[in-house]
Amino acid sequence: MKKTSLFVTAALILFSGLVNAHGPVRARQTATITVDAPAAKVWDLIKNYDDMSWLPGVKSVKGDGSNAKGAVRVLTLAHGGTITEELKAYDAAKFAYKYKITDMSTTGTIKHAGQDEHIPVLPVGNYAAEISVTDKGGKAEIEWVATYYRAYVNNNPPAELNEEAADKAVTEVLTSGLSNLAKKAAPGTAPNVHIDIKR
Amino acid sequence: MPIQLFGALLLLALFAPGVYAEPRAFITNQLDNSVSVIDTQTQKVIETIKVTGKPAGVALNKRLKQVYISTPEGGGFVVLDSQKMQPVRTVKVGGASLGITADRSGDHIFVADWYENSVAVFDANSFEKLKTLTVGKSPSGMTVSPDNRWLYVANRVDNSISQIDLNKLSIRNTTKVGQHPFGIAIDSQGKRLYAANVESDDISVLDAQHLKRLATIKVGARPYALTLALKDSLLFVTNQDDSTVSVIDTASLKQLAVITVGDKPEGISTHPDDQHIYVANWFDNNVSVIDANSLTVVNTIKTGEGSRAFGEFITP
């Protein structure tokens, strides 16, 4: 088992005990990795809002070439789903931007508590995130913080739309993205993505 | 008496209340399991109190000088001495306690249970449970009318507000509002009730006596809670997903301004001076202070991780 997977597994086990204690509660998942490359070089890889060639699982991105607040990008995923994201804040000097998901396609529908429930491609609700790069003594620390709810807004969620499903899906995105960025910025970097989930 | 000494004494007299350093803002830091206490005079965090169970809601008992902190994962609430800034006791309620408030006389505490669709009524002196009221689905925000006659509860999943008669401890009326009402506020005359509807991005304005719907006002994305200032003339609403506070003129029921605060603004409360508004920013781990006259952020105070502060959180 790779180190990345170990971290992820540990995080999931730690948090699985808490997830059904109350109604939908916002989670904050923080992924970090340190890369042996200048921060500016890493920022170059992610600085264009409509360029997500660094994120595995994304087939293509349609944007408007803008890095201004309000810019919209539509990600088409390898398996065909789409995610629409709006740029909420952009700070080139701090090597950081924030965005939120405004729309998602669904992968299917299930029956739960007498209702049809759609399963979004990323099974989360109200997702917003910030990605940033910080210089740490010549190395770059990439931090990707995602905040989200489970996809099911009422009490007693089905397994497809509960906290575990949301956490797992987000962990996969953040981990694969940061591992790949590390590989691009400094080939040979161990993909030690650290994941922390709080809610 | 030399004039300088007189001056010094006068200064001392003027600042003597400062020794007690009230009013204080009690900010729940949900992800840190703590409560930050801000001295609003010095604008500094003067104490951080450990409170386990993911502290979220805040309520004041002005008579007993206590602050109640709801702990959704602790199945109840913690009682703090607002002057000593220390926990006094923990009260078990069961279920998932989030919304919490006290009546105006400081005799009763009301705790909403998200899962049980109920509000538990506690005696504020003995901490005995007096009654459990069945309300709508996922009760959240609560407030009591200034004449201490009514308790209002937002039933989030039912999209409704219930009015509870505090003499009979029974529901008098329930009215549909927008989608997923969460925070609610009543004006100082007990005439109008405002509800922040998280899923429909608007505010419901109700006549507080009969719950008649008066107006619906569009605000920003996912409004969470609200508070009034400047003699009820302005209503301030936190928009979680826009990192802003909407300001509504309560006479025209129109949005006057949108103020940028920190990310994921949630709990919002008015200082006893009726002019300064404190906003807990969940994502940024801090509190924005707004001046209601200039409609600008005049200070930002670092608190703890996941600042939520749902309820009335500034002591008199």
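Visitor: Among contacts in chain A between residues at least 6 apart in sequence, what percentage joins residues at least 24 apart?
Guide: A word on the source: this is a predicted model, in which local features need pLDDT of at least 70, side-chain atom pairs count only at pLDDT 80 or more, and totals for chains, interfaces and linings use all residues. Residues are numbered from 1 along each chain as its sequence is written, while chains are lettered from A and ligands numbered from 1 in the order in which they are written. Two residues are in contact if their C-beta atoms, placed from the backbone, lie within 7 Å. Among the contacts you ask about in chain A, those joining residues at least 24 apart make up 58%.

Visitor: At what angle do helix 2 and helix 3 of chain A pack?
Guide: Picture an axis as a line fitted to C-alpha atoms, for helices over the stretch in contact, with angles from 0 to 180 degrees between N-to-C directions. Helix 2 covers residues 39-46 of chain A and helix 3 covers residues 163-185 of chain A. Their axes lie 10 Å apart, and the packing angle is about 120°.

Visitor: Which word describes how helix 2 of chain A is set against helix 3 of chain A?
Guide: Angles under 35 degrees count as roughly parallel, over 145 as roughly antiparallel, 65 to 115 as roughly perpendicular and the rest as oblique. The angle here is about 120°. Therefore helix 2 of chain A is, relative to helix 3 of chain A, oblique.

Visitor: Is the crossing of helix 2 and helix 3 of chain A left-handed or right-handed?
Guide: A crossing is left-handed if the near helix is turned anticlockwise from the far one by less than a right angle, and right-handed if clockwise. The crossing of helix 2 of chain A and helix 3 of chain A is right-handed.

Visitor: How many nonpolar residues take part in that contact of helix 2 with helix 3 of chain A?
Guide: Helix 2 of chain A brings A:K41, A:V42, A:L45 and A:I46, and helix 3 of chain A brings A:L181, A:K184 and A:A185. Ala, Val, Leu, Ile, Met, Phe, Trp, Tyr, Cys and Pro count as nonpolar, Asp, Glu, Lys and Arg as charged, and the others, Gly among them, as polar. The contact has two charged residues and no polar ones, and its nonpolar residues number five.

Visitor: Is A:A39 buried or exposed?
Guide: A:A39 sits in helix 2 of chain A, and beyond four places in sequence A:A39 is in contact with A:F95, A:V133, A:T134, A:D135 and A:A140. A residue is buried if 20 or more other C-beta atoms lie within 10 Å of its own, exposed if 12 or fewer, and partly exposed in between, with C-beta atoms placed from the backbone. A:A39 has 20 C-beta neighbours inside 10 Å, so A:A39 counts as buried.

Visitor: Is A:N156 buried or exposed?
Guide: Look in the loop between strand 9 (139-150) and helix 3 of chain A, where A:N156 lies. With 11 other C-beta atoms within 10 Å, A:N156 is exposed.

Visitor: Which strand of chain B gives the most to the side of domain 1 that touches domain 3 of chain B?
Guide: Chain B is divided into domain 1 (51-134), domain 2 (137-218) and domain 3 (223-316), with bounds from an automatic or database domain assignment. In this contact, 10 residues of domain 1 of chain B meet eight residues of domain 3 of chain B. Strand 4 (57-61) and strand 8 (97-102) of chain B each supply at least two residues of the domain 1 side. With four residues, the one that gives the most is strand 4.

Visitor: Is B:L60 buried or exposed?
Guide: B:L60 lies in strand 4 of chain B. Leaving out residues up to four places away in sequence, B:L60 touches B:V67, B:A102, B:E312 and B:T315. Since 22 other C-beta atoms are within 10 Å, B:L60 is buried.
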